[in-house]
Amino acid sequence: MRRVNGEEWRLPEPDSEELRALVPGTVEQRIYGFLFRRRQHPPTMAEIEAFAASQAGRHATHVNRRVRVLRECGLDVPAIRDGKEFRYHLKGWRPGGPRHPGPRISDKLRAQILAPQRCAQCGRTPLDHGVVLVVDHKVPRDWGGGDEPENLQPLCEQCNGGKRSWYQSYSGHADEIRAAIGHEEVHRRIGELLKALQGQWVPTELIGIVASAAAYQEDYQKRTREFRTLDWEISVEKRYNEGARVRTYYKCTHWEPWPEGSISAEIRRRERANKAAKTDGTA
Ligand SMILES: [Zn+2]
């Protein structure tokens, strides 16, 4: 049990199975152990480097980056000034607890994604607002999202934290969402998501993520409404009381089996037929 109460998380013991599950990389795990044992007397970067060299030989390079990996795992490791030096304090977990950094994104790719220096969600910047930007996976790794640039964006830590807890609220449907994302046709991705969450209000952000998993979809809300052409029952609701933004939700209460062949072709065919029927009626 890492979670002590609510948002409190306990630090794993060095060399434990728990640590190995939370922190990738043996050098990082050893540096964690060093910081853990030195919590009462936090080391400088020079001391961490000397320790890493004693463990891994002369080639224990990028020690700075390895400390950053620990931070990316959700650990709170602030560098606190002590005279002319900085000491690295292993304080615990940051709000939200452990994260799964998975395979590392290269420094080059990270720099490329963070280059706009602006949170893609709230628009705040490190320069003007003092926020810390992190690389966010639009489609989370748990749902099959990868490290390709199209799936990455800069988010401030606050937006990133909010997004992660939001994702966790769908963790019970992770398998179905991953399956929905795996379909090639955008309509099938959206439809399978709505089927998985049938009877529930689904926020457009979630539909957008699932719709845009293979390639960015600008018109995913229109795609969602098109299901009505296929005789699906889809309700729409706008909510104004959720912070500054208006949130749109969709709910599917009835769905039909998928047509043979292309779904979008079937929608277009039915739209033409409906239009023709309407024209006949008014003529
Ligand atoms: Zn933000």
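Strands β8 and β9 run antiparallel to one another and are joined over 7 bridges; two strands are taken to pair if DSSP finds at least two bridges between them. Helices (H or I, at least four residues) and strands (E, at least two) are DSSP runs, numbered from the N terminus. The structure discussed here is a predicted model, in which local features need pLDDT of at least 70 and side-chain atom pairs count only at pLDDT 80 or more, while totals for chains, interfaces and linings use all residues. Residues are numbered from 1 along each chain as its sequence is written, and side-chain values use heavy atoms, with hydrogens and water left out.

For an overall view, the protein contains 12 helices and 9 strands. Of its 283 residues, 42% are buried, where buried means under 20% relative accessible area, exposed means over 50%, and partly exposed lies in between (1.4 Å probe, protein chains only). Among contacts with a separation of 6 or more, 56% join residues 24 or more positions apart, contact being defined as heavy atoms within 4.5 Å.

A nonpolar core is a set of buried Ala, Val, Leu, Ile, Met, Phe, Trp, Tyr and Cys residues joined through side-chain atoms within 4.5 Å. The largest one holds 29 residues, and Trp143, Ile190, Leu193, Leu194, Leu206, Ile207 and Trp232 have the most contacts inside it. Two or more residues each come from α8 (174-181), α9 (186-196), α10 (204-211), β9 (247-254) and α12 (263-282). With 5 residues, α10 gives the most to this core. Once neighbours within four places in sequence are set aside, Leu206 touches Trp143, Trp166, Tyr170, Leu193 and Leu197. A second, separate core has 25 residues, including Leu22, Val67, Leu75 and Trp93.

Gly74, which follows α4, has a positive phi near 105°. Another glycine with positive phi, near 65°, is Gly83, in the hairpin of β2 and β3, where 2 residues separate the strands. Strands β2 (residues 79-82) and β3 (residues 85-88) pair in the antiparallel sense over 4 bridges, and Arg81 has Phe86 of β3 as its bridge partner.

Helix α5 (residues 107-114) buries Leu109, Arg110, Ile113 and Leu114. Because these fall within an arc of 125° when seen down the axis, they line one face of the helix. Their cover includes α4, β5 (133-137) and β6 (152-156). For β5, 5 of the 5 residues are buried, so the strand is largely enclosed by the rest of the structure. Leu133, Val135 and His137 lie on one side and Val134 and Asp136 on the other. β5 pairs with β6 in the antiparallel sense over 5 bridges, with Asp136 placed opposite Gln153 of β6.

The zinc ion has four protein donors, Cys119 (SG), Cys122 (SG), Cys156 (SG) and Cys159 (SG), at 2.3 to 2.4 Å. Donors are N, O and S atoms within 2.8 Å of the metal (3.2 Å for Na, K and Ca); water is not among the atoms, so sites may look incomplete. The arrangement is tetrahedral because the 4 donor atoms subtend angles of 102 to 116°; four donors count as tetrahedral if all angles lie between 85 and 135 degrees. Along the chain, the donors follow the spacing C-x2-C-x33-C-x2-C. Cys119 counts as buried at 2% relative accessibility, whereas Cys122 is partly exposed at 36%.

Arg124 sits in the loop between α5 and α6 (126-129) and is partly exposed, with a relative accessible area of 25%. Beyond neighbours within four places in sequence, Arg124 is in contact with Arg118, Cys119, His129, Val131, Cys156 and Gln158.

Key
Four donors count as tetrahedral if all angles lie between 85 and 135 degrees; four count as square planar and six as octahedral if opposite donors are over 155 degrees apart and all others between 65 and 115; anything else is irregular. The arc is that of the directions from the helix axis to the C-beta atoms.
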